[in-house]
Amino acid sequence: MGETRTDETQEHTEDTPRSAGGVSGPGGRHLVAVLALPGFPPFELGIPSRVFGSAVDDDGEALYEVVVCTADGAPVPSDSGFTLQPAAGPEALAAADTVIVPPTHAMPELALGGPLPPAVAAAIAGIRPGTRLVSICSGSYVLAAAGLLDDRPATTHWNLALEFRRAYPKVRIDEDVLFVDDGDVLTSAGVSAGVDLCLHLIRRDHGAAVTNRAARMCVVPPWRDGGQAQYIDRPVPEPTVATTTATRAWALERLAEPVSLAELADHARMSLRTFTRRFRDEVGMTPVQWLTAQRLEVARGLLESSDLPVDLVAHRSGFGSANSLRQHMRASLGVSPIAYRRTFQPGAAA
């Protein structure tokens, strides 16, 4: 979704939406290389193959080719008692349009800001300029150790944030979000946030319809509310404590209408203060931020799939006016509604 997911806070200066990367796989497919490092956790390593492998066009043709490789082409041990025989070596990284680095549990020196192993450093140095770089969970340590995150926003698992800051003080780490999209470099939080980020990349490349199909095939939501704040350890509430779940469902049915914070609290039968606190605890953002994110999702879907005038898109998504929609899209995505629509409908009229 947004470029820094809590959900939509990254600001860009250009009025041009990001496009898909180059194509170099068979049949013109986008080539994704996944770098398997010693001590890799199998779940995270498998995320890109599963998610990108589920992305197909309207004719059922695959849109991505995913190749799992190692830094030197040799087999690498997992952290789960088996060894992976890779399909390729560093040449896959050099040819890729997108390179994804899952975590490793066998490079403790990276947690102290130490150097990458020579073979890994050489493989990463061989990646073509302009290639899209992605990390899942503590794969961010590898990108940071290579100097690729210096002076950039990034995220990692919330439980590693303090350690990461000490090891890589030049990185602007944000442990509250599910992922950070900084254009050509993207980082995700722990484990399943890698699924969120891969779906976000499909959305960036091909729009909502393709992403929704891929998400259905993987039996996961196409996007999730909030950030990591909702997953950080905190006391579990008593079963008798009310939640904001029903109120969120109620609000989703009324996104096109003005909905005030007082109305939300009243629906939840809580005071404003209690509702706001509980909502943030459960969702990881304020009610107003959440409503804006939901409305942006509706607007983006309409801009991608319909020829409705921008004024009507703004009305149906609850922003009220084209000017309000324009301001929110610029703040969240760095583009105007018309520029966004042309990314997914190149022949669309203004």
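Where is D151 found? D151 sits in the loop between α4 and β7 (153-154), where helices (H or I, at least four residues) and strands (E, at least two) are DSSP runs numbered from the N terminus. This is a predicted model, in which local features need pLDDT of at least 70 and side-chain atom pairs count only at pLDDT 80 or more, while totals for chains, interfaces and linings use all residues. Residues are numbered from 1 along each chain as its sequence is written, and side-chain values use heavy atoms, with hydrogens and water left out.

## Overall make-up

The protein holds 14 helices and 10 strands. Of its 350 residues, 51% count as buried, a term that means under 20% relative accessible area, with exposed meaning over 50% and partly exposed in between (1.4 Å probe, protein chains only). Contact means heavy atoms within 4.5 Å; among contacts between residues at least 6 apart in sequence, 67% join residues at least 24 apart.

## The sheet and its helices

An open sheet of 6 strands runs in the order β2-β1-β5-β6-β10-β9, with mixed pairing; two strands pair if DSSP finds at least two bridges between them. The edge strands β2 and β9 (179-181) each pair on one side only. Neighbouring strands of this sheet are turned by 15 degrees against each other on average, direction ignored, where axes are lines fitted to C-alpha atoms, for helices over the stretch in contact, and angles run from 0 to 180 degrees between N-to-C directions.

Strand β1 is mostly covered, since 6 of its 6 residues are buried. From β1, H30, V32 and V34 point one way and L31, A33 and L35 the other way, and all are buried. In a regular strand the side chains alternate between the two faces of the sheet. β1 and β2 pair in the parallel sense over 6 bridges, and A33 stands opposite V67 in β2. Strands β5 and β6 (residues 132-135) also run parallel, joined by 4 bridges, with V101 opposite S135 in β6.

Helix α1 (residues 42-52) packs on the sheet, touching β1, β2 and β5, and its direction makes about 165 degrees with that of β2. Helix α6 (residues 193-206) lies across β1, β2, β5, β6, β9 and β10 (185-188), running at about 145 degrees to β10.

## Helix against helix

Two helix pairs are set out below; a crossing is left-handed if the near helix is turned anticlockwise from the far one by less than a right angle, and right-handed if clockwise.

| Helix pair | Axes come within | Crossing angle | Handedness |
|---|---|---|---|
| α1 and α6 | 9 Å | roughly 35 degrees | right-handed |
| α8 and α11 | 11 Å | roughly 40 degrees | right-handed |

The contact of α1 with α6 is made by I47, P48, V51 and F52 of α1 and G194, V195, C198, L199, L201 and I202 of α6. In the other pair, R248, A251 and L252 in α8 meet W290, L291 and Q294 in α11. Helices α8 and α11 are therefore oblique to each other, given that angles under 35 degrees count as roughly parallel, over 145 as roughly antiparallel, 65 to 115 as roughly perpendicular and the rest as oblique.

## Nonpolar cores

A nonpolar core is a set of buried Ala, Val, Leu, Ile, Met, Phe, Trp, Tyr and Cys residues joined through side-chain atoms within 4.5 Å. The largest has 33 residues, of which L93, V120, V142, L149, F164 and Y168 touch the most other members. Two or more residues each come from β1 (30-35), β2 (64-69), α2 (90-95), β5 (98-101), α3 (118-125), α4 (140-145) and α5 (161-167), and α4 gives the most, with 4 residues. Apart from this core lies another, of 31 residues, among them L84, L201, V210 and A215. In soluble globular proteins, nonpolar side chains tend to be buried together.

Not counting residues up to four places away in sequence, Y168 touches L110, G113, G114, Y141, A144 and A145.

## Single residues

V283 lies in helix α10 (residues 272-283) and is buried, with a relative accessible area of 1%. V283 and T245 are 38 residues apart in sequence and 9.5 Å apart in space, C-alpha to C-alpha.

Most residues other than glycine have a negative phi. D151, however, has a positive phi of about 60 degrees although it is not a glycine, and D151 is exposed, with a relative accessible area of 56%. R269, in the loop between α9 (261-268) and α10, likewise has a positive phi, near 60 degrees, and counts as exposed at 79% relative accessibility.
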